[in-house]
Amino acid sequence: MADRAAEAGPELDDLEALRTMIRIREFEEMCRRLFARGRLPGFVHLYIGQEAVAAGACLALRADDQITSNHRGHGHVIAKGGDPARMFAELLGKADGYCGGKGGSMHIVDFPSGMLGTNGIVGGGIPIATGAAFANQHLGNSRVALSFFGDGATNQGVFFESLNLAALWRLPVIFLAENNQYTEWTRTEDLTVGEITQRAAPFGVPARQVDGNDVTAVHEAVRKAAGRARSGDGPSLIECVTYRWHGHNEGEEAFAGRYRPEAEIEEWKARDPIAALESRLLDDGVVDAARLEAIHTSERDLIEAAHEWALAAPAAPVEDALTDVFSPAGP
Amino acid sequence: MGNSYLVTAMRDGLAEAMREDPAVVLFGEDADRSVMGSTRGLIDEFGPDRVRNIPLSEATIVGCGVGAAAAGLRPVIDLMVSSFFYVTMDQLANQAAKLRYMSGGQVELPIVYFAATGGAGSAAAQHSESPHPTFIQQAGLKVVMPSTPSDAKGLMLAAVRDPNPVVYLQEASLGGTRGPVPEGPYEVPLGQAEVRRNGSDVTVVAVGRTVTVALAVAEELDGEGVSVEVIDPRTLHPWDADTVMESVARTGRLVVLDTARQSCGFAAEVIATACTEAFGSLRAAPVRVCAPDVPMPFAPQLERHLAVDEHKVKAAVLRSLA
Ligand SMILES: Cc1ncc(C[n+]2csc(CCOP(=O)(O)OP(=O)(O)O)c2C)c(N)n1
Ligand SMILES: [Mg+2]
């Protein structure tokens, strides 16, 4: 039996976590501005408020571990090591985008960084992570697969089926539910019975609920789950309780009306995961205000440069619409 | 006669159906708020017992429709986006479409499954399907696709009154189309095509949003001395072959437009029927204009490249005349 402690990943690098969260926030703020100016085609679901989940989870994984994600996936891509410039290029329909303009916001995929796909179908990524975990086990490569999905996705059959299969075969997979307390415009509790963590119990899959706005707590939970998975002990479920500051999608004001109490939004903004980490780092004397300012500036510059690069990149040529259906490789 | 958006007219047809029959119940994700607008306000009139917000469990909801219909209700189920039907395919194709047949005709299943369909606004590959050929293939599902607000209302009422499962597909890009809509309840009968424009040189059969494209091309060609007849089948299964074959017998030329991918699509069916049933009247090879056999890309310029547009349709009509 492998040594559990050695199997678990490294301790959280707080500054790396902070930089990652700020990068995600800046990326999403840019998306918000671009959408408001009519520059972003298609659906855009922002991750602002939930950054600690993506950052904490991905920093607990190895570079060669895999993730799957959902429609609210920009943060996951960045945290797994994605390049914001190629992400913007994708959102703008450019040839240099991750998918050559074919995918867009809901389908950004970056296989080399272990990002096996954001997803437009709620629940769609859960079996894919389960299958990647099977391959990892079968190939004996010690990689772990993690699936990010929302509270809403836990009402899809594939969620339960994946839990069963993963438990049955002790697959190295982590099911990570981001409970942001809404499924589109309806409160989670009006659609989803009981606690999400309880849903793992019948399968004997260990489940934990953590504060999704505490990057350290998320990291610790995923680190343990990854260690478990790598040592052959099978899947885990982690529920991260968090909140999205923005609408379900940008532009929802046109039809959604007011569906969340203002006080609730304010309460969660006061629990900003970035500010929380910053104040801890300040209190602990790890950083001073000037250092924090420098991190913010460098991330903002990085995102602005990424956007500039994407703007200048050539548009995807229209003939590309007809390529990539089948791989020409073969016997 | 009021003037109404297509989605509003569809909603009004649903409201008429709910008013006349308390057995009609509506299920949908965020059915109270309604992203697409097709159920907006219904909860105020009919209450949360009959207008139900459902969890993200499409496969189960589609199957619940079968059970609820078998047990005495007339469920109407909003799948929001037609791509999401794929999540439900067992319940739709193996259960809803086949239970009556398999049971030797013991049961009636008055169910309407509806969703916005088709590529529009860079929604990308998983939100832009035009899956109607897949549903036609199931034999036990009627399939309708309105192209005008007035038909949207009348087809909805007819679909809810029909004793069979009906898949009602509302072109996402036509949701905001405005047009005259009669007041009160009325049906547009299932299985009945509408000749949108009379002509004598070529028959154009156009599905969903391509009707508008066909009419624009017909208008333009009229100025060039070509008389185009435009037929909107409205119901894709079972479809009104009589109206189309009668037209082809007069014009001798056939062009079929469809938003779905070309292979094994509705256009293939119409053309095959013309070739087998009206071969003697054909004066030229039929032509089809469909989406190519690729998923819908995200980038606006790529999406536009695949669309059935006026340029492609005009070229197709001229080819049939050459
Ligand atoms: C199968 C399917 N059904 C419905 C939708 C439409 N939809 C997109 S996101 C969403 C809500 C998802 O809620 P949740 O899983 O909690 O994620 P969140 O948006 O809160 O991050 C819905 C219903 C979809 N994309 N796929
Ligand atoms: Mg949610």
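Reader: Which residues come nearest to ligand 1?
Author: This is a predicted model, where local features need pLDDT of at least 70, side-chain atom pairs count only at pLDDT 80 or more, and totals for chains, interfaces and linings use all residues. Residues are numbered from 1 along each chain as its sequence is written, and chains are lettered from A and ligands numbered from 1 in the order written. A residue counts as near if its C-beta atom, placed from the backbone, lies within 6 Å of the molecule. Of the 20 residues around ligand 1, the nearest are A:V122, A:G150, A:D151, A:G152 and A:T183.

Reader: Between which chains does ligand 1 lie?
Author: The nearest residues named above include A:D151. The ligand's position, though, is between chains A and B.

Reader: How many residues of chain B are in contact with chain A?
Author: Contact requires C-beta atoms, placed from the backbone, within 7 Å. On chain A, 35 residues take part. On chain B, the number is 28.

Reader: Which helix of chain B gives the most to the side that touches chain A?
Author: Helices are DSSP runs (H or I, at least four residues), numbered from the N terminus. The top contributor gives five residues. That is α11 of chain B, residues 300–306.

Reader: Why are α9(B) and α10(B) called oblique?
Author: Axes are lines fitted to C-alpha atoms over the stretch in contact, with angles from 0 to 180 degrees between N-to-C directions. Under 35 degrees is roughly parallel, over 145 roughly antiparallel, 65 to 115 roughly perpendicular, and the rest oblique. The axes of α9(B) (residues 241–251) and α10(B) (residues 266–277) come within 11 Å and cross at roughly 60°. The two helices are therefore oblique.

Conventions: Two residues are in contact if their C-beta atoms, placed from the backbone, lie within 7 Å.
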